[in-house]
Every structure is written in C-alpha cells, then in structure tokens.
Amino acid sequence: MSTAELVADELQSKVKKLAFPAQPGESIKGCLNRVARRAGVTTTEAKRLWYREWRRVPADVADRIRQAMERHERQLDKEFPALKERYW
C-alpha cells in the first residue's frame, strides 16, 4: 500500500470518528456538515475524505482533520469517557 493510500485510510477513519456521536436517523449529509464545522473544512472536502475520493489529500486539509481529531478526543475524554470506551 502506498503512502498516499495509508494517509487516505487514516483520514477517512478520522473523519468518521469526528462525526461521532451521530443522532439516530441522522443522514450522512448531516454528519458531514458536523465534521466540516468541527474541522474547519468544506462539506465537499469532508465528503471526499469520507468516501476516499481523493488520490492525494492536500496537506492543509489533512492537518486540519488531524488537529480537529485531537480536539475531539480531548473533549470526549472530558465529557464522555464511557462512550469512548464503548465505541472507540
């Protein structure tokens, strides 16, 4: 697997984790909107990561997703330790 594929896998996983916790019955579009807000990316960029539509992910987008995931994990550590153990 190439480096670009490994990065795409990593970021796809992070984007899906950033969508957590989803509301019952919530659409993927709603999840993508929440991810975009949390990460400071566009909804289209979040969608392209979610579905791995990029061959190479721009570095600035990757950095924003990684930073947002760190913030999200810190928030979950504070507020939802039981949920994190259950779903992560």
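This is a predicted model: local features need pLDDT of at least 70, side-chain atom pairs count only at pLDDT 80 or more; totals for chains, interfaces and linings use all residues.
Analyst: A salt bridge is a side-chain nitrogen of Lys or Arg within 4 Å of a carboxyl oxygen of Asp or Glu. Residues are numbered from 1 along each chain as its sequence is written, and side-chain values use heavy atoms, without hydrogens and water.

User: How many helices and strands does the chain have?

Analyst: Helices (H or I, at least four residues) and strands (E, at least two) are DSSP runs, numbered from the N terminus. Here there are 5 helices and 0 strands. The order from the N terminus is α-α-α-α-α.

User: What are the spans of the C-alpha trace along its principal axes?

Analyst: They are about 35 × 25 × 20 Å.

User: How much of the chain is buried?

Analyst: Buried means under 20% relative accessible area (1.4 Å probe, protein chains only). Of the 88 residues, 32% are buried.

User: Where is Glu 45?

Analyst: Glu 45 lies in helix 3, which covers residues 43–50.

User: Is Glu 45 buried or exposed, and which side chain of opposite charge is nearest?

Analyst: Glu 45 is buried, yet has no salt bridge. Lys and Arg count as positive, Asp and Glu as negative; His and the chain ends are not counted. The nearest side chain of opposite charge is Arg 64, 4.0 Å away.

User: Which residues does Glu 45 contact, leaving aside neighbours within four places in sequence?

Analyst: Contact means heavy atoms within 4.5 Å. Glu 45 is in contact with Trp 54, Val 61 and Arg 64.

Technical notes. Buried means under 20% relative accessible area, exposed over 50%, partly exposed in between (1.4 Å probe, protein chains only).
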